[in-house]
Amino acid sequence: MTQTTFTPRVFSGIKPSGGLTLGNYLGAIKRFVGMQGEMETVYCVVDMHAITVWQDPKELANATREVAAGYLAAGLDPTQSILFNQSQVSAHAELGWIFNCVARVGWMNRMTQFKDKAGSNAEKVSLGLYAYPSLMAADILLYHATHVPVGEDQKQHVELTRDIAHKFNHDFKVDFFPETTPVIDGPATRIMNLRDGTKKMSKSGESDMERINMTDDADKIAKKFKKAKTDPTPLPETYEGLNDRPEARNLVEIYAALSDMTPQAVIADYAGAGWGQFKPALADLAVAKLAPISSEMARLMDDPAEIDRILATGAEKARAIAEPILKQTYDIVGFLRS
Ligand code: AQP
């Protein structure tokens, strides 16, 4: 079989399951904006993923707009990238169902994010939470996306997407879906919780003090970094000196990602510094980088109709790519279209 060459295309998304965090910004949005112009870029607010856990319907629409506002305020240009919310393109759900029939239960059972989120409550969580990775595969493959920028936590799901593409192509003897490359690079692929450096910073984490929200003001940011858990030792002379110091490493990596430096360069600047010096410098840097974005988000949120218009235009452009790919998938599967 001759190998199909797929046009380079980026797809990624963020769930509107709460307010955006510094983890979403550094691990996703900032990198999404950086890829704009390098190749075709399709970015989504994945509201269908958000409802895998309970969302108040009144808050979901607002959270969807807020994620869109975060993308736009961070520099995403809707004339250069396609920006839309997932539920406006029904092909995601349709391809998701086909992939539910391609993916194997054993594959899903290995997904560590499901185990983390379901915990000891696996019998009571939604079936959607379990099937989430096959919908994510559909999100990506519906656009024949070749590159998916994600944080480290999503790597396993992108690998599952490759397995689904491979099995579909093999079962139907086609070379139709690409094997997507996860793009996980830079110092901020896994920003950790400020109170426990072994846990990821999440929108839905229990305490507000464990995360920086993109809408936090300067006082809150300073307070959260000041109270962030660290150890009593000053910063080391070398980056390797951060081994086994997860909280210290996290703060250095946040500084590096915000300042576009390597963590090694940050250590070179702050070798031997105490937390009383480093934490205020980190807070100042975070405020300088986040304040313009959060004030632009607030301005955009004052005009929800404009955000809705941008998402509707993006959805139209997304459908123009997705629908022909879904139709071809239906033909490959053997669905009758009369
Ligand atoms: N802490 C993080 N560090 C680096 N990247 C992160 N991402 C999320 N948290 C971090 C990246 O952001 C993108 C969007 O993620 P998502 O919101 O769709 O899902 P998530 O990873 O489950 O995010 P949260 O914040 O943990 O949400 P909740 O608490 O609702 O489950 C992805 O590329 C992700 O890697």
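A polar contact here is a pair of N or O atoms within 3.5 Å; within protein, one must be able to donate a hydrogen and the other to accept it, and residues adjacent in sequence count only if both atoms are side-chain atoms.

## Ground rules

This is a predicted model, so local features need pLDDT of at least 70 and side-chain atom pairs count only at pLDDT 80 or more, while totals for chains, interfaces and linings use all residues. Residues are numbered from 1 along each chain as its sequence is written, and side-chain values use heavy atoms, with hydrogens and water left out.

Glu247 sits in helix α10 (helices are DSSP runs of H or I with at least four residues, strands are runs of E with at least two, and both are numbered from the N terminus). Glu247 is buried, at 11% relative accessible area. Buried means under 20%, exposed means over 50%, and partly exposed is in between, using a 1.4 Å probe and protein chains only. Setting aside neighbours within four places in sequence, Glu247 is in contact with Asp196, Gly197, Lys229 and Thr230, where contact means heavy atoms within 4.5 Å.

Asn243 belongs to the loop between α9 (218-227) and α10. Asn243 is partly exposed, with 41% relative accessibility, and its side chain makes a polar contact of 2.8 Å with the side chain of Arg249. As for Asp171, 72 residues from Asn243 along the chain, the two C-alpha atoms are 45 Å apart.

## Around the ligand

The ligand has 23 residues around it, and the closest are Ser17, Lys117, Asp153, Lys203 and Ser204. A residue makes that list if one of its heavy atoms lies within 4 Å of the molecule.

For the Asp153 side chain, the distance from an N or O atom to an oxygen of the ligand is 2.5 Å. Ser202 also takes part, with a polar side-chain atom 2.7 Å from a ligand oxygen. On its own the ligand has 640 Å² of accessible area, and the protein covers 97% of that (Shrake-Rupley method, 1.4 Å probe).

## Gln55 in its loop

Gln55 lies in the loop between α2 (47-50) and α3 (57-73), and at 15% relative accessible area Gln55 is buried. A polar atom of the Gln55 side chain lies 3.0 Å from the backbone oxygen of Ala50. Not counting residues up to four places away in sequence, Gln55 touches Pro16, Ser17, Ala50 and Leu60. Ser17 is also one of the closest residues to the ligand.

Helix α4 (residues 91-100) has Ala91, His92, Leu95, Gly96, Ile98 and Phe99 as its buried residues. Looking down the axis of α4, these residues fall within an arc of 160°, so they line one face of the helix. The arc is taken from the directions that run from the helix axis to the C-beta atoms. The buried residues of α4 pack against β1 (9-14), β3 (81-85), α7, α8 and α13 (304-333).

Helix α11 (residues 263-270) buries Pro263, Val266, Ile267 and Tyr270. Down the axis of α11 the buried residues fall within an arc of 100°, so they too line one face. They pack against α10 (246-259) and α12 (275-301), whereas the face turned away from the buried side carries the exposed Ala268 and Asp269. Just after α11, Gly272 has a positive phi of about 85°.

Most residues other than glycine have a negative phi. His144 has a positive phi near 45°; His144 lies in the loop between α7 (127-141) and β4 (147-149) and is buried at 13% relative accessible area. Lys173 is not a glycine either, yet its phi is positive at about 55°. Lys173 is in the loop between α8 (155-172) and β5 (181-183) and is exposed, with 68% relative accessible area.

How many disulfides are there? The count is 0, taking a disulfide as a pair of cysteine sulfur atoms within 2.5 Å. Cys44 is buried at 0% relative accessibility, while Cys101 is partly exposed at 46% relative accessible area.
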